[in-house]
Amino acid sequence: MEFYDFESRLERPVKVKIPDFQTGERLNHIVFADQFTTSTIDRLGRTANRIRLLAKSTEGCRFLSELLRHKRAMLYFTQPSTRTFLSFMAACQILGLSCTEVRDPSTSSETKGESPYDSVRMFSSYFDVVIMRSKVPQFAECCAYMMNDLRQASRRSVPIINGGSGADEHPTQALLDMYTIHRAFSFHHERNSSQWTWFDELREQYPGLRKGVDGKVFGFCGDIRRGRTIRSLAHLLSQYEDVSMYFVSPQHPKLAMSSEFRKLLLDRGVNVREVASFDERIDDVPMIELLDCLYMTRFQREHNRPEDEADFQAIDFSQFRLTPRLVARMKSYAAILHPFPRDAAFGEIPTTIDADPRAHYFRQARNGMWARAALLAYLFDVDATITDYYEQYTRQTSDYNVGAL
Amino acid sequence: MEFYDFESRLERPVKVKIPDFQTGERLNHIVFADQFTTSTIDRLGRTANRIRLLAKSTEGCRFLSELLRHKRAMLYFTQPSTRTFLSFMAACQILGLSCTEVRDPSTSSETKGESPYDSVRMFSSYFDVVIMRSKVPQFAECCAYMMNDLRQASRRSVPIINGGSGADEHPTQALLDMYTIHRAFSFHHERNSSQWTWFDELREQYPGLRKGVDGKVFGFCGDIRRGRTIRSLAHLLSQYEDVSMYFVSPQHPKLAMSSEFRKLLLDRGVNVREVASFDERIDDVPMIELLDCLYMTRFQREHNRPEDEADFQAIDFSQFRLTPRLVARMKSYAAILHPFPRDAAFGEIPTTIDADPRAHYFRQARNGMWARAALLAYLFDVDATITDYYEQYTRQTSDYNVGAL
Amino acid sequence: MEFYDFESRLERPVKVKIPDFQTGERLNHIVFADQFTTSTIDRLGRTANRIRLLAKSTEGCRFLSELLRHKRAMLYFTQPSTRTFLSFMAACQILGLSCTEVRDPSTSSETKGESPYDSVRMFSSYFDVVIMRSKVPQFAECCAYMMNDLRQASRRSVPIINGGSGADEHPTQALLDMYTIHRAFSFHHERNSSQWTWFDELREQYPGLRKGVDGKVFGFCGDIRRGRTIRSLAHLLSQYEDVSMYFVSPQHPKLAMSSEFRKLLLDRGVNVREVASFDERIDDVPMIELLDCLYMTRFQREHNRPEDEADFQAIDFSQFRLTPRLVARMKSYAAILHPFPRDAAFGEIPTTIDADPRAHYFRQARNGMWARAALLAYLFDVDATITDYYEQYTRQTSDYNVGAL
């Protein structure tokens, strides 16, 4: 098989392709963020919550680690990545999956002239799921088509999970971002009780506040154009009602949002605004004070071309750094997210903000592990087993955390 | 210990060395393909079949994954290899062995002046089996001698498995090839029943057809001289009765079979023929139409020397590529094998052949996992446990596959 | 967080820092060799002995491998190391801990500008212990402070284990050396019985011989100045009564012991002597004949500077190589240790000595695995569970080894 064998399929619009990767409602391969409907996001979020809670006890951990002990995962990460790789690794370990990694293409048979499709088909011979990150755009998508063709020919076929392919797609990042946003807007608080809840307290200050994603205001700051995470997340958020999205980035065509992206969001009914700084006013209020959630990103300097460097010299990048003073003006419950890594030299989020309760980014990283574990449980069809065990488990315990899920 | 400590032992003929690596009939280290007698091949093949069947059910997988959970394997692969490495990894995981890999010699203590024998002895301190692939010819053999010496001195000693050493030996490849050939010539078919078997159907077309390896015609095509897999496999096949082997390769001394190799096969009673193309006639029939099994190989261009390159320009390599038209002329049950990786640029087997039922090469790759799992089970002496469980298991189930094993 | 955030804490003397890494007597992070008191060394040694014995049986192995199956370890080794890395890996596997490794910093997000503290905090999000070796002095110490700060802020915090940081500290090497010395001076012998013990036999030849570390004579040979292992081990040994330490090294300021180190040992009541060769007389007896334990080390040529090379040319390094003739003059029960790797080209311990019963260095390497497993069991608080199981287990068996522990 070669790239051109898949060409006619690749060229179709995403919406048309999605059914290829599912059987009825059920996802078989994870290729695009847009495969995640609100109901799938809810289902995976519930599973992630249950895994998270069960993992607090040794007994729960042991139950989880038995679930997929008979399965083997291949982590094929030829593009450098630590966070995605390690959280998938940890997610596999939580569920008992055996892991094997291939990271260095120089140790692979491709140096002997092997086609990358032969390599992935070989992985599918030995392992039960292939989680892959590649520099080559659409490579994961092609592998999913190959697996579909093999299944059709009654040959061995395994699920493909796209762990980030080139600049185009990173669906599991979008999933963990959605999970983090859902958790932030459930207003869980460890001191919640029948007498007191944080949400009730917040409502005294913000009377219109609702739980959930509908009606929320999201800010996105940084490398809007080149960051696939913002694009994917915005797609998923656009499925919710009455959502606003404010974008803060330099007014440079390589960095600001594309007109196609703006149009897509507007078409889906999103209230879109582009601003030049956190202080720019929207309906007469500085943008920073309006946000329910602020999604910061790193400027991906490794993608700068020589001609860009000159252009970028003229830009005042200080507008795209968060500061403790800005954070102090944000809503008390607002959630600050960052897909990480953050750039210590640039300082889009200085470490002095880390201790603020609005800083959700380390929790977000950990959520990546729970969300990916939920996804694996779903793909191997053990999420119902988790639900059953969880319900039995919570009936037996009266853990104060239970209500919070 | 140094290389020269082993020199006198290394210089002996293989036949004389083999007893050093076994106790009675039982193999302790896996160094040479010639250690595998037909009865060991049968025994390992039966174990591989049982593991393969048990692995189809979650219950069977769980049983297998408990067998060697208390053992630890070191995969010491300083020569690049994906297929051998990954299938050993998967084989270990099937049996529950913990795996640790050392692949990059630059992270090792040999940069601090450590002798490679100290390194391997260290591995044997921490792990229960050392599976190794090295660029250095006979290194695995030396390590097996070192382990023998340690055992004699009542020191800790573990099994050594040669996963390919230099150009000389690759015994587990030969094992999986034999396993694949045995399976191909058992004429198993998923529709086999008491009413209909594929073998009976074939016998109407090929009245002389027998099950098993005896009497079969094997073709070997490609890099005969430099490919250790062909040499090892031919050795093992020569143990069977009335076997023919036809070799297709350029008539160049770096590529064609050596006279020593030809003589060895003739001495063992093999019917050997060398031809220049698949169309060359043998007893008036084009060779391609006579084959029961065709073993294709890649030209190992990475071993070309500058002076070879010039020579090779004159060769018409198109004769050593399989085509759909050639496949169409092969016997309907013939098996096409390839040790993989195949060379996508050269195209010794174009992907258009992959869907043909005669294409066994992906199955062959997967068989590597089963055969290596069987070998590990044998070395750790749990193959009888597998047999017991399997017999109990098949008595309880009436799986249609059972008869096929 | 940045290095300077920890600066004021780093600058304090070790003695003052130690309480930061423990709660009461209990160690939370393993940063300095000096954290190990004689009572902790004893406790860990007893646990290591029990693990070692249990690991001899399949049943014991299975018990151990269940203990930490719900925990995940990160092995973050950016400085090359095989022995420490592999023995930690094996130790984790013995206890059932899932392992993930990060060894190549080029695959990490630090290439994207991520602070190393963000990286380690990320590891602590996904894993339950971070075992780290770094080129950067005091980096593990800083990470332990970061974890302390997170704990204080009620955030997730995990134990840090220093697997060797720059030239300054390598606490688990010191621990395994102490464990090896304790075992050597317990005079265990496999033929020990109620009728005969090796110790009683030795006492006929050496009437003053006592079990244990008190009163013993230690020799240290080689790269005294640059070897952190000697320094750490000598610190721990200085806690015992009436200990002598003789140092054999070239009289060069880059290689011989520092005056601070000499003073520290003298202050702790150690009988310190520096000699130029194994034959130099102490109280009229050649030093080699006085030793109970000889700790050999490798000259760390990779740390030579160009100006040193010239200086070192003048030194007669043959004085710092052990020979079979020297070994023959040592006490019959003396223990020869080496932290390994040894330098095959230099030959500080030629392989001809390996078979001598006084050669403990391969056993010492294997002890690294047991001592590290004991440390992990201690940090995760399952050592009492091991003791309980062990006592029950030994009550049921009458294994001849039992008495020896």
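Let's start with a pair of neighbours: strand β8 (residues 244-248) of chain A runs parallel to β9(A), and five bridges join the two. Within this pairing, A:F247 has A:E274 of β9(A) as its bridge partner. Strands here are DSSP runs of E with at least two residues, and helices are runs of H or I with at least four residues, numbered from the N terminus. Two strands pair if DSSP finds at least two bridges between them.

A word on conventions: this is a predicted model, in which local features need pLDDT of at least 70 and side-chain atom pairs count only at pLDDT 80 or more, while totals for chains, interfaces and linings use all residues. Residues are numbered from 1 along each chain as its sequence is written, and chains are lettered from A and ligands numbered from 1 in the order in which they are written.

In chain A, five strands form an open, parallel sheet in the order β9-β8-β7-β12-β13. Its edge strands, β9 (271-275) and β13 (335-337) of chain A, each pair on one side only. On average, neighbouring strands of this sheet are turned by 15° against each other, direction ignored.

Next, a helix pair in chain A. Helix α8 (residues 171-184) packs against helix α15 (residues 361-379) at an angle of about 115°, and their axes are 8 Å apart. Axes are lines fitted to C-alpha atoms, for helices over the stretch in contact, and angles run from 0 to 180 degrees between N-to-C directions. α8(A) and α15(A) are therefore roughly perpendicular to each other (65 to 115 degrees).

Over in chain B, helix α5 (residues 83-94) is mostly covered, with 12 of its 12 residues buried (20 or more other C-beta atoms within 10 Å of a residue's own, with C-beta atoms placed from the backbone). Among them are B:F85, B:L86 and B:F88. After α5(B) comes B:G96, with a positive phi near 85°.

| Chains | Rotation | Shift along axis | RMSD |
|---|---|---|---|
| A on B | 120° | 0.0 Å | 0.0 Å |
| A on C | 120° | 0.0 Å | 0.0 Å |

Note on methods: Copies are superposed by least squares on the C-alpha atoms of residues with pLDDT of at least 70 in both. Angles under 35 degrees count as roughly parallel, over 145 as roughly antiparallel, 65 to 115 as roughly perpendicular and the rest as oblique.
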